[in-house]
Amino acid sequence: MIISASRRTDIPAFYSDWFFKRLEEGFLYVLNPYNRKQVSKIYLNTDTVDCFVFWTKNAGPMMDKLHLLAAKGFQYYFQFTITSYQRDIEPGIEDKNEVINTFKRLSDQLGKKRVIWRYDPIILNEKYTLEYHELWFEAMCKRLSGYTEKCVISFLDLYSKTIRNTKDLHLKQLTTDEMHQIANLLSTIAKKYNIQIESCCEDIDLSEYGINHGKCIDDRLVSQIIGSKLNVDKDDTQREICGCVKSIDIGQYSTCKHFCRYCYANYNYGHVNENCAYHDIDSPLLVDKLKGDEKITVREMKSIKCKECGGNN
């Protein structure tokens, strides 16, 4: 099974000590996002966990512990988001120069294939114009060239909570023409630096610019990393346009302290702060402790390595 850590929060940036404590103890609990009384018990061992996918905007706090994953025989890769936005959009992100340096150190340690750059979501307003993205995307490509093979892009989806949390930013709903214009611009820049762009969860066809629909939880990459063909289906819990294969997410909503204004995984600042106050490194739950009225179900997990496929790729 692939473990996603996590679409719902930034475990490397904020909860790496908890994660490695869970790894040491061999299990963790995940709350059902819609019913706190339903809890899944996830066993963490190499018989069932084929690969971890870490999602982060700052892998720094996890860097000095990654050897513990290798020591236990776990494989993994990173989806690492670095955008050009300032504190009005991403108030909790550390200095971007430091984050870029961390990205490069991580790539040096793991190899550029296992550190994927995310420049998403793409936002337009009076401040963050096409010209702004052109300038900063090229500056970032220049610094990240040779440290990654791929850049994932997406365009902002204005969910109801996103609209509420960004009302004062006057964000634009991007038109199809604007998406094509951005795609053409970014792909032209990326090609100069040998970076391949893929889209994430986008209906729009951008293949004329060399941009294909991507998979963030990517069976092709996992297969290369672990050295085995896989037997895994598309994740039917994600949107139809999502290309990701099945995984188990171990995060919890409203626990990310980056406080990005566009985030769909946080309800509001107050809720995040309230949840984070209950974080306990010794608890099997990311936030809070069991209250005694939950139903705990051991999640069925099995390796997705294909034993009938004739060996390694």
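Predicted model: local features only at pLDDT ≥ 70, side-chain atom pairs only at ≥ 80, totals over all residues.
Visitor: Why are α6 and α8 called roughly parallel?

Guide: Their axes lie 10 Å apart and meet at an angle of about 20°. Angles under 35 degrees count as roughly parallel, and α6 and α8 are therefore placed in that class.

Visitor: Which residues of α6 and α8 make this contact?

Guide: On the α6 side they are Leu130, Glu134, Phe137, Glu138 and Cys141, and on the α8 side Gln181, Ile182, Leu185, Leu186, Ile189, Ala190 and Lys192. By class, the contact of α6 with α8 comprises eight nonpolar residues, one polar residue and three charged residues.

Visitor: How do α5 and α6 cross, and what is the hand of that crossing?

Guide: The axes of α5 (residues 96-110) and α6 (residues 130-144) come within 10 Å and cross at roughly 35°. The crossing of α5 with α6 is right-handed. Residues Asn97, Ile100, Asn101, Phe103 and Lys104 of α5 touch Met140, Arg143 and Leu144 of α6. Four nonpolar, two polar and two charged residues make up this contact.

Visitor: Which strands does α5 lie across?

Guide: Helix α5 lies across β5 (76-81) and β6 (115-122), and it runs at about 160° to β5.

Visitor: What makes β9 and β10 edge strands?

Guide: The open sheet has eight strands in the order β9-β8-β7-β6-β5-β4-β1-β10, with parallel pairing. Strands β9 (212-213) and β10 each pair on one side only, and this places them at the edges.

Visitor: What makes β7 a paired strand on the β6 side and on the β8 side?

Guide: β6 and β7 pair in the parallel sense over four bridges, and four bridges also join β7 to β8, again in parallel. The requirement is at least two bridges, so both pairings qualify. Opposite Ile153 in β7 stands Tyr119, while Cys151 has Ile197 in β8 as its bridge partner.

Visitor: Why is β7 described as mostly covered?

Guide: Six of the six residues of β7 (150-155) are buried. For each of them, that term requires under 20% relative accessible area. Lys150, Val152 and Ser154 are buried on one side, and Cys151, Ile153 and Phe155 are buried on the other.

Visitor: Why is Gln252 called buried?

Guide: The relative accessible area of Gln252 is 17%. The cut-off for burial is under 20%, so the residue falls on the buried side. Gln252 sits in the loop between β10 (248-249) and α10 (269-276). Beyond its neighbours within four places in sequence, Gln252 is in contact with Arg8, Thr9, Leu31, Leu286 and Val287.

Visitor: Why is Asp64 called exposed?

Guide: Asp64 has a relative accessible area of 54%. Exposed means over 50%, so the term applies. Asp64 belongs to the loop between α3 and α4.

Visitor: What makes Asn184 an intermediate case?

Guide: Asn184 has a relative accessibility of 38% and counts as partly exposed. Buried requires under 20% and exposed over 50%, so a residue in between receives the intermediate label. Asn184 lies in helix α8. The C-alpha atoms of Asn184 and Tyr262 are 24 Å apart, and the two residues are 78 residues apart along the chain.

Visitor: Which residues of α2 are buried, and what do they pack against?

Guide: In α2 (residues 16-25), the buried residues are Ser16, Trp18, Phe19, Phe20, Arg22 and Leu23. They pack against α1 (11-14), β2 (27-32), β4 (51-56), α3 (60-63) and α4 (66-72). Gly26 follows α2 and has a positive phi, near 90°.

Terms used:
Residues numbered from 1 in each chain as written. Heavy atoms only, no water. Helix = DSSP H or I, 4+ residues; strand = E, 2+ residues; numbered from the N terminus. Buried < 20%, exposed > 50% of the residue type's maximum accessible area, 1.4 Å probe, protein only. Contact = heavy atoms within 4.5 Å. Axes fitted to C-alpha atoms, helices over the stretch in contact; angles between N-to-C directions. Left-handed = near helix turned anticlockwise from the far one by under 90°. Nonpolar A, V, L, I, M, F, W, Y, C, P; charged D, E, K, R; others polar. Parallel < 35°, antiparallel > 145°, perpendicular 65-115°, else oblique.
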